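Me: I'd like to learn how to read a few features of a model like this one. Can we go through it together?

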Amino acid sequence: MTPNREDYLKLILELGGDKEKVSNKKIVAGLSISGASVSEMINKLVKEGLVEHSPYQGVQLTPAGLEKASTLVRKHRLWEVFLVDHLGYSWNEVHDEAEVLEHVTSTQLEQKLDTYLNHPTFCPHGGMIPQEDQIVHEKDRQTLASYPEGTNIRIARVLDEKDLLDYLMDLGVKIHEEYTITNIAAYEGPITLQNDQKEVSISYKAASTIFVDSL
Ligand SMILES: [Zn+2]
C-alpha cells in the first residue's frame with residue numbers, strides 16, 4: 001500500500017513531530033519507502049501548510065497539521081480498540097483495517113463509537129486517544145535504543161507499523177511487558193532484553209520505534 005498524506009501526518013506525529021523536528025531518515029524507516037518519495041510528499045505538505053521543513057533537521061507539524069493528524073489518529077485508534085476488544089483481532093492485524101475505516105468515519109459515527117467503547121484513552125499499541133477536538137499529546141518517552149545496558153524498562157508504546165508489529169509478534173514481545181536491557185551490540189547491532197520468562201534480541205531499527213518507560 002502506498003502511503004498517502006494522512007499516513008505521513010500520522011507518522012510524523014507518532015515520531016514526536018508535534019514537539020520537535022523529525023528527521024527524513026526516521027520517516028523513511030517508518031514507512032519503508034524511498035527517501036525520494038518522502039522528500040516529494042514533504043514538499044507537498046509544506047505547500048499545504050501542514051508541516052514546516054528545515055534542511056538537515058527534518059519536519060515538524062504546524063498547528064493545522066497537528067489538528068488534522070489528531071482527528072485521524074483519534075478515528076484510527078478508536079477503530080483499533082473496537083477491532084481488538086470486540087472482534088478478536090490481534091494488535092498486528094488492525095492497522096490496515098483501521099486505515100480504511102478512519103477515512104470513511106463521520107463525526108457522528110466517531111462519537112457513537114467512542115461512547116460504545118466507553119471513551120478509551122489508549123489504543124492497543126499504547127498510543128493516546130485524544131478527546132474530541134483535542135490534539136494528540138503523547139507522553140514524552142525515549143526509545144528502547146536510547147538506554148544503556150542494565151536499564152529496567154517497560155514497553156509503553158510501539159509505532160503502529162505492520163512490519164514492526166509482525167516482528168514483535170514473532171518475538172513474542174507485547175506492550176506493558178517489563179525487561180532488563182542485558183546487552184547492546186556495537187554498530188547499531190541488536191539489543192538483548194531479558195525477564196523471568198524469556199530473552200529476546202531486538203534489532204536496532206525496531207528498538208528505535210519502541211517507546212519505553214525506565215523503571
Ligand atoms: Zn494503535
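Me: Which residues does threonine 143 touch, not counting residues up to four places away in sequence?

Reply: First, some ground rules: this is a predicted model, where local features need pLDDT of at least 70, side-chain atom pairs count only at pLDDT 80 or more, and totals for chains, interfaces and linings use all residues. Residues are numbered from 1 along each chain as its sequence is written, and side-chain values use heavy atoms, with hydrogens and water left out. Contact means heavy atoms within 4.5 Å. On that basis, threonine 143 touches Ala207, Ser208, Ile210, Phe211 and Val212. Threonine 143 sits in strand β3; strands are DSSP runs of E with at least two residues, helices are runs of H or I with at least four, and both are numbered from the N terminus.

Me: Is threonine 143 buried or exposed?

Reply: Buried means under 20% relative accessible area, exposed means over 50%, and partly exposed is in between (1.4 Å probe, protein chains only). Threonine 143 has 16% relative accessibility, so it counts as buried.

Me: What does isoleucine 12 contact, leaving aside its neighbours within four places in sequence?

Reply: Isoleucine 12 belongs to helix α1 (residues 5-14), and its contacts are Gly17, Val22, Ile27, Val51, Val59 and Leu61. Take valine 59: it is 47 residues from isoleucine 12 in sequence, with 7.8 Å between the two C-alpha atoms. Isoleucine 12 counts as buried because its relative accessibility is 0%.

Me: At what angle do α1 and α4 pack?

Reply: Two packed helices are described by the angle between their axes and the distance between the axes. Axes here are lines fitted to C-alpha atoms, for helices over the stretch in contact, and angles run from 0 to 180 degrees between N-to-C directions. For α1 and α4 the angle is about 90 degrees, with the axes 9 Å apart. The two are therefore roughly perpendicular to each other, a label for 65 to 115 degrees; under 35 is roughly parallel, over 145 roughly antiparallel, and the rest oblique. On the α1 side the contact includes Leu9 and Leu13, and on the α4 side Leu66 and Val73 are among the residues. The contact residues divide into six nonpolar, two polar and five charged. Here Ala, Val, Leu, Ile, Met, Phe, Trp, Tyr, Cys and Pro count as nonpolar, Asp, Glu, Lys and Arg as charged, and the others, Gly among them, as polar.

Me: And which residues make the contact of α2 with α3?

Reply: Helix α2 (residues 24-31) packs on helix α3 (residues 35-47) at about 115 degrees, with axes 9 Å apart. That makes α2 roughly perpendicular to α3. The contact is made by Asn24, Ile27 and Val28 of α2 together with Gly35, Val38, Ser39 and Ile42 of α3. By class, that contact has four nonpolar residues, three polar and no charged.

Me: Which residues are the protein donors of the zinc ion?

Reply: Donors are N, O and S atoms within 2.8 Å of the metal (3.2 Å for Na, K and Ca); water is not among the atoms, so sites may look incomplete. Here they are Glu80 (OE), Cys123 (SG) and His125 (ND1), lying 2.0 to 2.5 Å from the zinc ion. Their spacing in sequence is E-x42-C-x1-H. Glutamate 80 lies in helix α4 (residues 63-87) and histidine 125 in the loop between α6 (107-116) and β3 (142-143), 45 residues apart. Glutamate 80 and histidine 125 are buried.
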